[in-house]
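Today I am looking at pockets first, then at charged pairs. Here is the model I have open.

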Amino acid sequence: MRTFNSRFFVYVLIGGASALVDWSLFYILAILQDIHYLLSGTISFLFAVIFNYYVGIKFLFDSTARFSKQTEIFLVFLVSVVGLGINLFFLFLFSTWLAISLMLSKIMASFFTLGWNFSMRNYYVFKNPNL
C-alpha cells in the first residue's frame with residue numbers, strides 16, 4: 001500500500017495529464033472555435049474526468065475494492081459533478097468578475113478542483129475498506 005504522499009504524487013501526475021486534456025480541449029473549443037467558455041469548460045472537464053478515471057484505476061486506485069463497478073462509476077460521476085461546479089464557478093469568477101484571460105482562468109480553476117477530486121476519490125470512492 002502506498003503512503004499518502006506517494007498516492008498524492010501519483011495523483012498529481014495523473015491529474016497533470018488530465019489537466020492537459022482539459023486545457024487543450026478547452027483551448028480548442030473556447031479560444032479557437034469561439035464556443036461559449038462555460039460550455040467549453042463543461043465539455044473539456046468531462047473528457048478529462050473520463051481520462052482521469054481510466055488512468056487512475058489502472059495506475060493508482062484499487063477499482064471495485066469497496067464498491068461494485070456500477071456504484072463506483074456512479075460515485076465518480078457524483079464527485080465529478082461537484083468538481084465541475086467548483087471548476088465552472090472559479091472559471092466564471094476569474095474570467096468575468098476579475099477579468100483574467102480565459103486560459104489562465106481555466107488553469108487557475110483547475111487547482112481549486114484538484115483538492116476536492118483527490119480527497120473524495122482517495123478517502124471515499126477508492127478507500128480500501130480494510131484500512
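I began with the largest pocket: 19 residues line it, and Gly15, Ser18, Ala19, Ser110 and Leu114 lie nearest its centre. My pocket rule, on a 1 Å grid over the protein atoms alone, takes an open set of points where a 1.4 Å probe fits, with protein on both sides within 12 Å along at least five of seven lines; lining residues have an atom within 4 Å of a point.

I noted that H1, helix H2 (37–59) and H4 each give two or more residues to this lining. H1 gives the most, with eight residues. Helices here are DSSP runs (H or I, at least four residues), numbered from the N terminus.

I looked up the volume of the largest pocket and got about 350 Å³, counted as the space filled by probe spheres set on the grid points, which are joined across faces, edges and corners.

A caution for myself: this is a predicted model, where local features need pLDDT of at least 70 and side-chain atom pairs count only at pLDDT 80 or more, while totals for chains, interfaces and linings use all residues. Residues are numbered from 1 along each chain as its sequence is written, and side-chain values use heavy atoms, with hydrogens and water left out.

Next, which side chains meet in a salt bridge? I found Asp22 and Lys106, at 3.1 Å, N to O. Asp22 sits in helix H1 (residues 4–32) and Lys106 in helix H4 (residues 102–125), 84 residues apart. The rule (a Lys or Arg side-chain nitrogen within 4 Å of an Asp or Glu carboxyl oxygen) gives a count of one salt bridge.
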